[in-house]
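Biologist: I have the model open and would like to go through it with you. Could we start with the sheet and then move on to other topics?

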Amino acid sequence: MGSVVTVSQLQNRSLAPSLLVDVRSSSEFASGHIPGAVNIPMDQIEARIDDLGADRPIVLICQAGKRARMTAGLLEPCQRQISVLEGGTGAWIQAGLPVVASVRTRWSLERQVRLGAGLLALTGCILALTVNPRWVFLCGFVGLGLTFAGLTDICAMESCWEKCPGNSRSHCAIGGPRPERSEARR
């Protein structure tokens, strides 16, 4: 695996000019990322290897460091100069450094889906134990949905959460007038 870079090294830019690659999902990236970072999600990194360029060192970033280390392992055979930000975006934020956020929510869609699925499963269990055993089917339905999402990368719950007012992104034309509020939503 590549070397480890600390937040202070990255902040002081004591590294050679590096390409900062955030390997989190696009919604996690939008909820807050290090200025200057580009988003190439971990599941796309091998297909987008040419987007990385071979001329500069790469610093991989995720929320806490685990996905960045896994991605570094995927890229290791490519013989590139790769580092991982120790502690990830979480360490950057803990150091009081600025982040760029392009959505109003602080929670990624994936986190919202996990919370929603967990609450549905917990509710199904409690209701099955206290009200009617048939509520166990709610747990099965949630499990089926999560399995389907894992196999196909299509998540109905994520699509629903994405349409909630707090998750809609605002869009405006560069150099043009700002769109009306109703047009700014997806």
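**Sheet, helix, cores and cysteines**

Biologist: How many bridges join β4 to β5, and how do the two strands run?
Modeller: Strand β4 (residues 58-61) and β5 run parallel and are joined by 3 bridges. Please bear in mind that this is a predicted model.

Biologist: Which residue stands opposite Ile82 of β5?
Modeller: That position is taken by Ile58. As for strand β1 (residues 3-5), 3 bridges join it to β5, again in a parallel arrangement. Val4 has Val84 as its bridge partner in β5.

Biologist: What is the order of the strands in the whole sheet?
Modeller: The order is β1-β5-β4-β2-β3, an open sheet of 5 strands with parallel pairing. β1 and β3 (38-39) each have a single partner strand, so they stand at the edges and one side of each lacks a neighbour in the sheet.

Biologist: What joins β2 to β4?
Modeller: There are 4 bridges between β2 and β4, and these strands are parallel. Within that pairing, Leu20 is opposite Val59 in β4.

Biologist: Changing topic: which residues of the largest nonpolar core touch the most other members?
Modeller: They are Val21, Ile45, Leu52, Leu60 and Leu75, in a core of 15 residues. β2 (19-22), β4, α3 (66-75) and β5 each give two or more residues to this core. The most come from α3, which supplies 3 residues.

Biologist: What is Val21 in contact with, leaving aside its neighbours within four places in sequence?
Modeller: Val21 is then in contact with Val38, Ile40, Ile45, Leu52, Ile58, Val59, Leu60 and Ile61. Another core lies apart from the largest one; its 13 residues include Val7, Ile61, Leu85 and Leu97.

Biologist: On to α6. What does its span come to, and what is expected?
Modeller: Helix α6 (residues 136-152) has 17 residues and reaches 24 Å from its first C-alpha to its last, close to the 24 Å expected at 1.5 Å a residue.

Biologist: Which of its residues are buried?
Modeller: In α6, Leu138, Cys139, Val142 and Ala149 are buried. Because these residues cover an arc of only 105 degrees around the axis, they lie on the same side of α6. α5 (109-130) is included in what covers them.

Biologist: What does the face turned away from the buried side carry?
Modeller: That face of α6 carries Phe137, Phe141, Leu144 and Leu151, which are exposed.

Biologist: One last topic. How many disulfides does the count come to?
Modeller: The count comes to 0 disulfides.

How values were computed. Residues numbered from 1 in each chain as written. Predicted model: local features only at pLDDT ≥ 70, side-chain atom pairs only at ≥ 80, totals over all residues. Heavy atoms only, no water. Pairing = 2+ DSSP bridges. Expected span 1.5 Å × (residues − 1). Buried < 20%, exposed > 50% of the residue type's maximum accessible area, 1.4 Å probe, protein only. Arc of directions from axis to C-beta. Contact = heavy atoms within 4.5 Å. Core = buried A, V, L, I, M, F, W, Y, C linked by side-chain atoms within 4.5 Å. Disulfide = S-S within 2.5 Å.
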